[in-house]
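Visitor: I have a new structure open and would like to learn how to read it. Could you walk me through it, feature by feature?

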Amino acid sequence: MSFLNKISQRYKVYPYGEASSENSIQNLKNFCAVPIPEEYFEIIREKEIEISIKDKDGYVGLGIWGADKCLELNQGYYIQKYIPDGIAIGDNGGGKALLYANGKKGFGLYLVDFGDLDKEELIYVSKSLKNLLLKEIGMDIFI
């Protein structure tokens, strides 16, 4: 079981899709030149999700894609062409990709606009999904 049952009370998790198969996960690992942290696989082995983040004006969202969608969207947007040491794993529902990458603050989670996929445009979010979802570190970027 993933760490989703321990996330911050400010988040609400909605199942969005099916659990990723081990075959799909292996295909994604084979595709990606960047090691993807196990925390991501913990989630998608359970389900593809959307998370609502409560703020003072309502909710903002964060989607974590399953392995097949992750592979499809990384290929479709040519993310590795523009950010070779990155892998998009989700989005904010507002035109920005959430990705693991080596950016200005080292390896971690970053946001970047789908329309401006440039390593120089990466916005640091957090060191990890666990820091973001359990400790709310980086949540202010989404609000």
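Guide: Gladly. Let us begin with what counts as an element: helices are DSSP runs of H or I with at least four residues, strands are runs of E with at least two, and both are numbered from the N terminus. Please keep in mind that this is a predicted model.

Visitor: In what order do the elements of the protein chain run from the N terminus on?

Guide: The order is β-α-α-β-β-α-α-β-β-β-β-α. That comes to 5 helices and 7 strands. With a radius of gyration of 14 Å, close to the 15 Å that the globule rule gives for 143 residues, the protein chain is as compact as a globular protein of that length.

Visitor: What box do the C-alpha atoms fill?

Guide: Taken along the principal axes, the box is roughly 35 × 35 × 25 Å.

Visitor: How far apart in space are lysine 105 and alanine 88?

Guide: Their C-alpha atoms are 17 Å apart, and the two residues are 17 residues apart in sequence.

Visitor: Let us turn to the backbone. Which residue has a positive phi of about 55° although it is not a glycine?

Guide: That is tyrosine 78. You will find tyrosine 78 in the loop between helix 3 (67-76) and helix 4 (79-82). Its relative accessible area is 53%, so tyrosine 78 is exposed. Glutamate 136 is also not a glycine and has a positive phi, of about 65°. Its place is in the segment after helix 5 (129-135), and at 27% relative accessibility glutamate 136 counts as partly exposed.

Visitor: Now the charges. How many salt bridges does a search of the whole structure find?

Guide: The test is whether a side-chain nitrogen of Lys or Arg comes within 4 Å of a carboxyl oxygen of Asp or Glu. The search finds 7 salt bridges. One of them brings us back to glutamate 136, whose side chain meets that of arginine 10 at 3.5 Å, N to O. Glutamate 136 lies after helix 5 and arginine 10 before strand 1 (11-17), so this pair ties together parts that are 126 residues apart in sequence. Arginine 10 is partly exposed, at 34% relative accessibility.

Visitor: Where does lysine 130 lie, and which parts does its pair with glutamate 42 tie together?

Guide: First the contact: the side chains of lysine 130 and glutamate 42 meet in a salt bridge at 3.6 Å, N to O. Lysine 130 lies in helix 5 and glutamate 42 in helix 2 (residues 38-44), so the pair ties together parts that are 88 residues apart in sequence. Both partners count as partly exposed, lysine 130 at 32% and glutamate 42 at 23%.

Visitor: What about the salt bridge of aspartate 113 and lysine 96?

Guide: Its N to O distance is 3.9 Å. Aspartate 113 lies in strand 6 and lysine 96 in strand 5 (residues 96-103), so the pair ties together parts that are 17 residues apart in sequence. Salt bridges can also share partners, and in this way Glu22, Glu38 and Arg45 are joined into one network.

Visitor: Finally, which residues gather in a patch of negative charge on the surface?

Guide: For a patch, we take residues with over 30% relative accessible area and no salt bridge, and join like charges within 9 Å. Here Asp116, Asp118, Glu120 and Glu121 gather in such a patch, of negative charge. Aspartate 116 lies in the loop between strand 6 (106-113) and strand 7 (123-126), and at 36% relative accessibility aspartate 116 counts as partly exposed.

Definitions and conventions. Residues are numbered from 1 along each chain as its sequence is written. This is a predicted model: local features need pLDDT of at least 70, side-chain atom pairs count only at pLDDT 80 or more; totals for chains, interfaces and linings use all residues. Side-chain values use heavy atoms; hydrogens and water are left out. Patches are made of residues with over 30% relative accessible area and no salt bridge: like charges are joined within 9 Å, nonpolar side chains (Val, Leu, Ile, Met, Phe, Trp, Tyr) within 5 Å. Accessible areas come from the Shrake-Rupley method with a 1.4 Å probe; for residues, only the protein chains shown count as cover. Lys and Arg count as positive and Asp and Glu as negative; His and the chain ends are not counted. The place of a charge is taken as NZ of Lys, CZ of Arg, CG of Asp or CD of Glu. Buried means under 20% relative accessible area, exposed over 50%, partly exposed in between (1.4 Å probe, protein chains only). The radius of gyration is taken over C-alpha atoms; the globule rule is 2.2 Å times the number of residues to the power 0.38.
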